[in-house]
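Please examine the sequence and the structure before working through the solutions.

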Amino acid sequence: SKKEDPYLQHLIMPHRQKFALQWRCLGRRILSAVITTVFYIHRTRDIFDMDSFQVGPIELSSPSASSLSRDDYCSSSSGSLRSIAIDMINYSSPQGSKSFNKLKHVLDLHSEFFVDLKPFDLFQRNQESMATLLEGYGLKRLYESPAEGRSNVLLVETQFSSSTCPLKRDDCATRGRILIQTEQIGFGYGESKIFKQLMKSCNESPSCIVFEYSDYNYERAVAEPYTWGNSYVLMPVMTQDPSRLNQFLPETRKEIKKRSIDVVLFGHMTVRREFIFQKSKAYTTYHPEKKHLIKMEYDTHEMAKAYSDAKVCLIVHAHAEVTPGEYHRLSEIAAFGCILVVENFADKIGIDRYENCGGLIFADFDHIFETAVQVVEEIDDDLNSYKSTRRHSDWWNAGVKWETILPEVFNIEVPSLGRDE
């Protein structure tokens, strides 16, 4: 019986044993990871209570529960991934606001743009999405980096880009620029002085705007001591549309119950993820028939193979409990049809749609592994709620429709994007 399950003894083992398990992980980590572990061990639940965490009054565009079924709502424009993008922009930059006007000014500066989100191939799909967004506004994309002296091109970059005209240079301060904010840790764990100086410089420039993917980060940016709201626009820039792994999607998706991997988690093995790995190791010791795959994996083909054969895909934050959503991972995995068990995140906009339409199952860090185990048990028990994940994948696959976003925001006609008629 489950009461006799030896693994349960692992779950209720004394706090000292848990502490010792975490302490053994420290020998493999650098100083920053040590700091994270100390924070994790001594954290107090009342400080980081996600139920009481608030980022402000956010109005969401969703129909009344009585007017539409969940399936109808999720397939409607009001329940789409695209609707989250519109809600984000309207929240940070309603029509007539300073950030709305500054965004319009930046977009109207030049007729051409160059987007460079390298050096990370990880952002390749996001780079293409940003290009589609701007082409939808009628701008022409340049595929070669503009010469250093050429100033009539809008630059779209991250803090990591090798810019031909870096924002920190005085002669580049007024250059037309969209700064894509990609990082989870800018305002919380691991705050970066370089990051903050860059955001400050963008705010002070009349021709620079920040695209921020997290409303949690946004609330930090607009509050004291920063007050950068005039230059921040919320935009789901970390959502891959489509996923960089789509090229490896199998022609036929395997039925969820027949998949051979019970739980998969890929990511840099920080102390928090190492702790999940140790729980998994203890569990599979007592349940050798279960297969868990928790590690760092760089090979995209191997990642896709695992996701397409997994019952549960687990997402755990790398460093901190209160942190933005991991949309890059979510949108990368969703098309493969595994059940997404996700650690709670601090963003609020779109949570109803991510959960009800995107199929996310949220859990706090202390219970996320047990939640994944429970979901696998329910899949194996053939519960109806997990027989088909097609509608969740279809919701993600419908995408943001980037080319339509700015025309709707500014109430302009969608151009032909330069294609031959």
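A residue is called buried if its relative accessible area is under 20%, and exposed if that area is over 50%. The model is predicted.

**Exercise 1.** Determine whether Tyr 307 is buried or exposed.

*Solution.* The relative accessible area of Tyr 307 is 2%. The cut-off for buried is under 20%. Tyr 307 is therefore buried. Other buried residues of helix H11 (residues 300–308) include Met 303 and Ala 304. The buried residues of H11 pack against strands S7, S8 and S9 and against H12.

**Exercise 2.** Classify the ring pair of Tyr 307 and Phe 336.

*Solution.* The count of aromatic pairs comes to 16. In the pair of Tyr 307 and Phe 336, the ring centres are 6.0 Å apart and the planes stand at 50 degrees. Planes under 30 degrees apart count as stacked and those over 60 as edge-to-face, the rest being tilted. The pair is therefore tilted. Tyr 307 belongs to helix H11 and Phe 336 to the loop between H12 and strand S10, 29 residues apart. Phe 336 has 1% relative accessibility and therefore counts as buried.

**Exercise 3.** Classify the ring pair of Phe 345 and Phe 362.

*Solution.* The centres of these two rings lie 5.2 Å apart, with the planes at 80 degrees. The pair is therefore edge-to-face. Phe 345 lies in the loop between S10 and helix H13, and Phe 362 in strand S11, so the pair ties together parts 17 residues apart in sequence. Both Phe 345 and Phe 362 are buried.

How values were computed:
Residues are numbered from 1 along each chain as its sequence is written. This is a predicted model: local features need pLDDT of at least 70, side-chain atom pairs count only at pLDDT 80 or more; totals for chains, interfaces and linings use all residues. Side-chain values use heavy atoms; hydrogens and water are left out. Buried means under 20% relative accessible area, exposed over 50%, partly exposed in between (1.4 Å probe, protein chains only). Helices (H or I, at least four residues) and strands (E, at least two) are DSSP runs, numbered from the N terminus. Contact means heavy atoms within 4.5 Å. Rings of Phe, Tyr and Trp (its six-membered ring) pair if their centres lie within 6.5 Å; planes under 30 degrees apart count as stacked, over 60 as edge-to-face and the rest as tilted.
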